Amino acid sequence: MASKYGDLTKVETTGASEATAKQDKLKEKGVAASHKMAQTDNPRMQKYKAIILRAAAKAKVDPALICGIISRESRAGAVLKDGWGDHGNGFGLMQVDKRHHTLKGKWDSEEHVDQATGILVDFILGCKMKFHGWTPEQQLKGGIAAYNCGLSRVDNYAHVDMHTTGKDYSNDVVGRAQWFKQNGF
């Protein structure tokens with residue numbers, strides 16, 4: 001499915017940082033590490049495929065992007081305790097922050113994925129308005145970074161991940177998402 005917000009396959013990415021790759025005890029870093037982590041999460045991701053595809057169609061985003069965020073945020077649910085992560089602040093597969101949003105649905109529900117995808121789209125649109133001169137793919141990547149750190153902390157494209165977790169959030173999510181795009185999403 002094509003996204004209305006840029007072509008995921010054309011988004012430049014450096015992939016996961018060495019620190020992020022070490023979470024899985026990987027020797028490689030970069031795109032290879034992002035791909036390997038996505039591959040690790042893929043069997044669990046299959047459980048959510050139908051809701052991901054429906055949420056993506058409603059929001060007009062690439063389903064592989066939703067997978068990339070789910071993989072990065074919760075390892076397709078594997079790192080959550082009763083649906084919670086981030087020291088009890090992040091909820092669900094896509095880790096909606098309870099400090100900034102009224103939570104919707106069960107942690108692994110379509111309602112949750114719809115809400116989180118809507119939040120992502122709002123950040124992509126925010127980047128589109130904030131950075132008129134960026135390409136749609138750059139705006140998409142900026143929106144992914146903003147999903148993690150907030151729109152006000154996305155300053156410029158060259159350092160889009162400067163304020164994100166691990167300083168690699170959008171690059172890692174894009175790397176994982178590109179793997180999911182090539183592998184059935």
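User: Leaving aside its neighbours within four places in sequence, which residues is D86 in contact with?

Analyst: Contact means that heavy atoms lie within 4.5 Å. With neighbours within four places in sequence left aside, D86 is in contact with Q95, D97 and R99. This is a predicted model, where local features need pLDDT of at least 70 and side-chain atom pairs count only at pLDDT 80 or more, while totals for chains, interfaces and linings use all residues. Residues are numbered from 1 along each chain as its sequence is written, and side-chain values use heavy atoms, with hydrogens and water left out.

User: Where does D86 lie, and what is its relative accessible area?

Analyst: Helices (H or I, at least four residues) and strands (E, at least two) are DSSP runs, numbered from the N terminus. D86 is in the loop that joins β1 (84-85) and β2 (90-91). For accessibility, buried means under 20% relative accessible area, exposed over 50%, and partly exposed in between (1.4 Å probe, protein chains only). D86 has 42%, so it is partly exposed.

User: Which residues does the UniProt annotation "active site" cover?

Analyst: Such positions are given in the numbering used here, with feature names shortened, and annotations may be inferred rather than shown by experiment. In the unreviewed UniProt entry, "active site" covers E73 and D86. Both E73 and D86 are included in the lining of the largest pocket. A pocket is an open set of points on a 1 Å grid over the protein atoms alone, where a 1.4 Å probe fits, with protein on both sides within 12 Å along at least five of seven lines; lining residues have an atom within 4 Å of a point.

User: Which helix holds E73, and what is E73 in contact with?

Analyst: E73 belongs to helix α4. Apart from neighbours within four places in sequence, its contacts are V79, L93, M94, Q95, Y147, N148 and Y169.

User: Which residues of α3 are buried?

Analyst: An α-helix has 3.6 residues a turn, so residues three or four places apart point the same way. In α3 (residues 49-59), the buried residues are I51, I52, A55, A56 and A59. Seen down the axis of α3, they fall within an arc of 130 degrees, so they line one face of the helix. That arc is taken over the directions from the helix axis to the C-beta atoms. The buried residues of α3 pack against α2 (30-45), α4 (63-74) and α5 (110-130). Just after α3, K60 has a positive phi of about 60 degrees.

User: How many of the 14 residues of α6 are buried?

Analyst: The count is 11 of the 14, so α6 is largely enclosed by the rest of the structure. Among them are L140, I144 and Y147. The buried residues of α6 pack against α4, α5 and α7. After α6 comes G150, with a positive phi near 95 degrees.

User: How many helices and strands are in the protein chain?

Analyst: The protein chain has 7 helices and 3 strands, in the order α-α-α-α-β-β-β-α-α-α along the sequence. Of its 185 residues, 54% are buried. Among contacts between residues at least 6 apart in sequence, 55% join residues at least 24 apart.
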